[in-house]
Amino acid sequence: MNKNHNMALTKNKKPHAILVPYPLQGHIIPAVHLATKLASTGFTITFINTEFIHHEITKSNPTNHSDIFAEARESGLDVRYATVSDGFPVVFDRSLNHDQHMEGVLHVLSAHVDELVGRLVVSSEPKVSILIADTFFVWTSFIAKKYKLINVSFWTEPALVLNIYYHLDLLISHGHFGSQDNRRDTIDYVPGISTIKPKDLMSYLQPTIQDTSTVVHRIIFKAFKDVKHADCILINSVQELENETIFTLNQKQPIFAIGPLFPIGAINNKVSTSMWVESDCSKWLDEKPHGSVLYISFGSYAHTSKEIIHGIANGLLESMVNFIWVIRPDIVSSCDLNPLPDGFEEKSLGRGLVVTWCDQTKVLSHQSVGGFLTHCGWNSILESIWYVIPLLCFPLLTDQFTNRKLVVDDLKIGINLCDDEVVSKVKVTKNINRLMRENLAEDLRAEIKKVKNILANAWCENGSSQRNFNEFVRIVQN
């Protein structure tokens, strides 16, 4: 770790870290579990949510306290809670106005965080000494330097994705990104990655991308310059899963792979993170045969088209498998709350259950579930591995295309729903049946068990994530 003035803490003082997650559901979840993990080792944590995220969580969980960490605190954890504005009213539709919302995250949120951090630095006991902020924030090094805090970047996706963003300059100089005619041949020059195809890059770096002036591109360009000023990076991955990539990044900056961070254990379950009301699917699942249910969810953020939803729906009907399908209210648009084909629920009555949201870990851990049709969000992949559920992959956005490569090509624990952009009833039916009814599922499950053991061993007494976590704690405490 860098030996500079930021890294010195008075010995034997209780460390106090401010933790700021990116204001999206998939980033909130691992941040909450990092907060409770650190607090369980004796840290004081001040967790900062946006007012909108807080409103959505408490609205979806009406029995919640106004402080989502109240129960965790009752169990002895010193996790404090604060909220800031992201620059928009709570009722502003951030899903429908995505780019406008992201402009606010880029330009406005930092001022509110800066003001709150300044107050906490002056008034908090124990004294604030560490700032842990999501890697996608563009302002972390500025605020950490301003208040003389240890600058910790928290990366919630695979190390592979971080490594590609980290070496974005190489993609640009070799013509694979940022030119009018991006190269489409295999990329073999990024340190820590043997080869990767352009189609497996994150959606914002795909070879078809021409406009690199979007708000998301501007966030990416700034964030991955800023992260290079961090004193260290915490990654929600496991050393053994991505050893070469993590080793390569570690030559540039101190990297601590401390995954998987997801809700296992009583303390974690005391903190609500869901932004939608969760349906209880347990009774329905109890009535289905072992391993017969396909669980379908495209996560909390990505959107898709009505045509794709219809293609999957028609394939489901043709396959005749049992299924639970999470159709988020804004999966197509906030203006289209019913994207399924007419009569779909009637035709699948008895073998299909459509819900707007559910507790994913409860569903994946149920014995009736035998497969997961997923957008390949990293949280979903880790949870599926933990519960030994084979994956049917259909990436939609951002890191999901690169995560798919890890799942299908590298770890070999899943298959593709479609090998191209066309989502037809025939392809969907065929691959659902391959996953749920053929011998392939057993082969995939055997591979997943191996990967699950890697995840489980990582947090054993001398496991890699436990060692990395202990080393991080030791350094910031001394």
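The model is predicted, so local features need pLDDT of at least 70 and side-chain atom pairs count only at pLDDT 80 or more, while totals for chains, interfaces and linings use all residues. Residues are numbered from 1 along each chain as its sequence is written, and side-chain values use heavy atoms, with hydrogens and water left out.

## Aromatic pairs

The whole structure holds 21 aromatic pairs, counted where ring centres of Phe, Tyr or Trp (its six-membered ring) lie within 6.5 Å, with planes under 30 degrees apart called stacked, over 60 edge-to-face and the rest tilted. Tyr 22 and Phe 137 form a tilted pair because their planes meet at 50°, with the ring centres 5.0 Å apart. Ring pairs also join these two residues with Phe 136, Trp 139, Trp 155, Tyr 165 and Phe 224 in a cluster.

The pair of Trp 276 and Trp 357 is likewise tilted, since the planes lie at 45°, and the centres are 4.7 Å apart. Trp 276 is buried at a relative accessible area of 18%, and Trp 357 is buried at 10%.

## Charges over rings

The charged end of Lys 37 sits over the ring of Trp 459, 3.8 Å from its centre, the criterion being NZ of Lys or CZ of Arg within 6 Å of the ring centre and within 35 degrees of the ring normal. Lys 228 lies over the face of Tyr 166, 4.8 Å from the ring centre.

Methods: Buried means under 20% relative accessible area, exposed over 50%, partly exposed in between (1.4 Å probe, protein chains only).
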